[in-house]
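This briefing goes through the fold and a few individual residues of one protein. Please have the sequence and the coordinates open while reading.

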Amino acid sequence: MRGIGTMVEEARCLNPQCRRIAETRGLCNSCYATARELVSSKRTTWERLEAEAKVAPRKYKASGAKEWLMGIRGIKKKGT
Ligand SMILES: [Zn+2]
């Protein structure tokens with residue numbers, strides 16, 4: 001039993017005609033592979049896809065995520 005009911009809303013592919021489980025940057029493996037292909041063949045760019053909300057921002061992946069999750073960033077010193 002999976003995918004039925006309203007318990008957990010799984011992230012879906014940003015492609016409205018696809019709606020499979022999102023694996024990378026808001027896209028399913030298939031759509032992500034296509035996007036990557038288009039980017040690598042210079043037919044589009046990640047920046048453009050991001051601007052059009054067709055992929056999730058790269059920050060989902062790295063850049064500070066570890067620090068944030070570990071609570072290293074943004075820790076305020078108490079008082080003085
Ligand atoms: Zn997809």
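**Briefing on the model**

R25 is placed in the segment before α1, where helices (H or I, at least four residues) and strands (E, at least two) are DSSP runs, numbered from the N terminus. This is a predicted model, in which local features need pLDDT of at least 70 and side-chain atom pairs count only at pLDDT 80 or more, whereas totals for chains, interfaces and linings use all residues. Residues are numbered from 1 along each chain as its sequence is written.

**Overall make-up**

- The protein contains three helices and zero strands, and reading along the sequence gives the pattern α-α-α.
- Of the 80 residues in the protein, 12% are buried, a residue being buried if 20 or more other C-beta atoms lie within 10 Å of its own, exposed if 12 or fewer, and partly exposed in between, with C-beta atoms placed from the backbone.
- Taking the contacts between residues at least 6 apart in sequence, 18% join residues at least 24 apart, and two residues are in contact if their C-beta atoms, placed from the backbone, lie within 7 Å.

**The segment before α1**

- R25 has a phi near 50 degrees, which is a positive value in a residue other than glycine, and R25 counts as buried because it has 20 C-beta neighbours inside 10 Å.
- A11 also lies in the segment before α1, but A11 is exposed because 12 other C-beta atoms are found within 10 Å.
- Leaving aside residues up to four places away in sequence, A11 touches I21 and A22.
- The C-alpha atoms of A11 and G26 are separated by 7.3 Å, although these two residues stand 15 residues apart along the chain.

**Helix α1 and the residue after it**

- Helix α1, covering residues 29-40, has 12 residues and reaches 16 Å from its first C-alpha to its last, close to the 16 Å expected at 1.5 Å a residue, the expected span being 1.5 Å times one less than the number of residues in the helix.
- An α-helix has 3.6 residues a turn, so residues three or four places apart point the same way.

**The loop between α2 and α3**

- A53 lies in the loop between α2 (46-51) and α3 (65-70), and its phi is near 60 degrees, a positive value in a residue other than glycine.
- A53 is exposed because 10 other C-beta atoms lie within 10 Å.
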